[in-house]
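Subject: Structure for you to look at

Hello,

Here is the structure I said I would pass on. My notes on what was found in it follow below.

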Amino acid sequence: MKKYLGIQTDTEFEYDIALFDIDDIEALEKYGVKTFVKNYFVTSFDLYSLKRGLELLGGMSEPINLTKILFSKDILKEDDEYLNFLSLGKKVIWNKDYVVYFPLENGDQSVIIENQRVERISIRKLSSQYKESLYYIIEDIMANEISSRRTKKNI
């Protein structure tokens, strides 16, 4: 992490959460995603995104546990089933407890493009459904931290 960020120090670099957007097999091996607490597979259903994601899964040497985050205009069970079908034979173990859906509304897409252009994240103009999906993922990522804090308070 220090090398990636360009930090030239021998002191310990501490962080609570690190998010990695990995889209090639070399990076999967380099960062050791098998050791991560949580891994997510984020995709929309356009051909390019599906092809790249499945290519990445196809290059895995060992099975990996993943939770699906699916961007779709219409939230359909068939989308999830389609991804399950396409990933047959890949070294992936899907989280069966839940799938996170992000509804892609026209307004959300323009906000996302604007966020990319200005290289900042502004959630104010996103739809309430989109924000709810973001909060759901944050709660999932922070679940261990939240339960740990509750346990410490009870001691």
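A residue is called buried here when its relative accessible area is under 20%, exposed when that area is over 50%, and partly exposed in between. Please keep in mind that this is a predicted model.

Overall layout

The chain has six helices and four strands. Read from the N terminus, the order is α-α-β-α-β-α-β-β-α-α. Of the 155 residues in the chain, 28% are buried. Among contacts between residues at least 6 apart in sequence, 69% join residues at least 24 apart.

Helix α5

The buried residues of α5 are D108, V111, I112 and N115. Seen down the helix axis, the buried residues of α5 fall within an arc of 100°, so they line one face of the helix. N106 and R117 are exposed and sit on the face of α5 turned away from the buried side.

The length of α5 also fits: its 13 residues should span 18 Å at 1.5 Å a residue, and the end C-alpha atoms are 19 Å apart, which agrees. After the helix comes E119, with a positive phi near 55°.

Leaving out residues up to four places away in sequence, N115 touches R120, I121 and S122.

Salt bridges

A search of the whole structure finds five salt bridges. Three of them are described here, starting with K38 and D140, whose closest N and O atoms are 3.1 Å apart. This pair links distant parts of the chain: K38 is in the loop between α2 and β1, D140 is in helix α6, and the two are 102 residues apart. K38 is partly exposed, because its relative accessibility is 28%, whereas D140, at 14%, counts as buried.

D80 and K68 form another salt bridge, with the closest N and O atoms 2.4 Å apart. Here D80 belongs to helix α4 and K68 to strand β2, twelve residues apart. Both D80 and K68 are buried.

R52 and E55 also meet in a salt bridge, at 3.3 Å from N to O. Both lie in helix α3, three residues apart, about one turn of the helix. R52 is partly exposed at 30% relative accessibility, and E55 is partly exposed at 47%.

Around Y40

Y40 is in strand β1, residues 40-44. At 23% relative accessibility, Y40 counts as partly exposed. The side chain of Y40 makes a polar contact with the side chain of D140, at 2.3 Å; D140 is also the salt-bridge partner of K38. Leaving aside neighbours within four places in sequence, Y40 is in contact with L66, T67, I69, I137, D140 and I141.

Regards

Conventions
Residues are numbered from 1 along each chain as its sequence is written. This is a predicted model: local features need pLDDT of at least 70, side-chain atom pairs count only at pLDDT 80 or more; totals for chains, interfaces and linings use all residues. Side-chain values use heavy atoms; hydrogens and water are left out. Buried means under 20% relative accessible area, exposed over 50%, partly exposed in between (1.4 Å probe, protein chains only). Contact means heavy atoms within 4.5 Å. A polar contact is a pair of N or O atoms within 3.5 Å; within protein, one must be able to donate a hydrogen and the other to accept it, and residues adjacent in sequence count only if both atoms are side-chain atoms. The expected span of a helix is 1.5 Å times one less than its number of residues. The arc is that of the directions from the helix axis to the C-beta atoms. A salt bridge is a side-chain nitrogen of Lys or Arg within 4 Å of a carboxyl oxygen of Asp or Glu.
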